[in-house]
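Here are a few notes to read alongside the structure, for anyone opening it for the first time.

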Amino acid sequence: MTCEPYWVDLHRAEQRLGGGFLLTNWLVLTALHCLRGLVRMDEPVDVVLADGRRLEARVSRLDAEADLALVSIAPPQRATPQLPKSGPARIGGRWRGPYRPAADEVELSGRIDTRAAAHLCAGGGTIEALQLSADQLLGDYSGYSGGPVEDTTHCDGHTPEPTRGKDAVVVGILLEQVPERTAADRAANVLFAATIAEAMRRFDYLDVAHLIDVLRPPGGAEPTVASAPPPAAFVPAPMAGPLSAKADELLETIQEWSRQGLMDPAQIAELTFMVAKRKIQAELGEGGGAP
């Protein structure tokens with residue numbers, strides 16, 4: 001989808017745990033079951049990027065009911081691929097899973113069967129999910145859990161990857177399969193993916209975290225025209241409406257995150273500064289009201 005792959009492998013010591021992908025330059029979204037028992041906050045894990053770099057990280061958020069987890073790359077490290085756009089899937093469209101558990105494994109692709117709908121997942125919770133049909137009849141798709149799902153409906157599969165990826169958007173994260181009716185120990189080619197919107201509802205600071213990366217890219221560079229506008233799905237809801245009042249609420253929330261240790265001090269300080277700046281701009285009538 002991008003010139004630099006944004007999907008990762010998760011490891012602990014020399015054991016590969018599973019796949020995931022970058023939602024920001026320091027947050028990885030994965031399926032909780034991929035962590036294979038690492039169900040406590042702050043558990044150490046390594047994020048292995050597509051170029052082979054290994055970054056230290058820790059489990060930062062868990063949602064057992066939704067089978068989702070966030071892994072936070074330890075500062076001051078940051079991954080630096082071009083982060084993907086996200087959005088809703090188009091029913092009947094085409095999808096692909098760019099993450100592969102190994103270089104010699106096939107890349108998944110197929111058809112988006114349904115609109116986002118309520119789904120009782122293996123974690124026991126009801127989530128917003130997409131039903132997907134895979135072109136590849138593998139029998140077992142478990143190695144692909146945690147990988148991103150891209151809607152490629154308007155992409156030309158015959159063009160080079162960097163060109164084809166320009167029109168793709170990330171619409172979900174692969175979680176589970178439908179058992180094959182004729183063989184309970186096998187999986188049919190029907191998969192379920194939690195939507196990105198579901199992940200953002202479960203982890204309510206993803207929108208703000210993404211905004212930090214968009215406004216303040218790695219290396220301190222100023223945002224470019226191409227990178228500045230955040231994807232629609234990531235526009236931070238707390239900043240909608242009367243900005244000054246919402247900013248007060250968000251500042252209180254940031255302090256609560258700080259007390260809970262959900263973000264490192266540098267991120268808390270940077271986020272507090274940005275919200276305070278927007279609050280001042282709103283009170284002075286600058287900046288057009290909305291960020």
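**Notes on the barrel and the cores**

1. Bear in mind that this is a predicted model. If you want one to click on, L22 has V28 in β3 as its bridge partner.

2. Zoom out, and that pair turns out to belong to a closed barrel of six strands, in the order β1-β2-β3-β6-β5-β4, with antiparallel pairing. On average, neighbouring strands of this sheet are turned by 40° against each other, direction ignored.

3. Next, the packing. In soluble globular proteins, nonpolar side chains tend to be buried together. Here the largest nonpolar core has 22 residues, and F21, L29, L68 and I127 have the most contacts inside it. Two or more residues each come from β3, β6 (68-73), β10 (126-134), β12 (169-180) and α2 (196-202). There is also a second, separate core of 21 residues, which includes V28, L35, V45 and V71.

4. I127 deserves a look of its own. Leaving aside residues up to four places away in sequence, I127 touches A66, A117, A118, H119, C121, L175, A194, E198 and R202.

5. The C-alpha atoms of A69 and V39 are separated by 9.1 Å, with the two residues 30 apart along the chain.

Key:
Residues numbered from 1 in each chain as written. Predicted model: local features only at pLDDT ≥ 70, side-chain atom pairs only at ≥ 80, totals over all residues. Heavy atoms only, no water. Pairing = 2+ DSSP bridges. Helix = DSSP H or I, 4+ residues; strand = E, 2+ residues; numbered from the N terminus. Axes fitted to C-alpha atoms, helices over the stretch in contact; angles between N-to-C directions. Core = buried A, V, L, I, M, F, W, Y, C linked by side-chain atoms within 4.5 Å. Buried < 20%, exposed > 50% of the residue type's maximum accessible area, 1.4 Å probe, protein only. Contact = heavy atoms within 4.5 Å.
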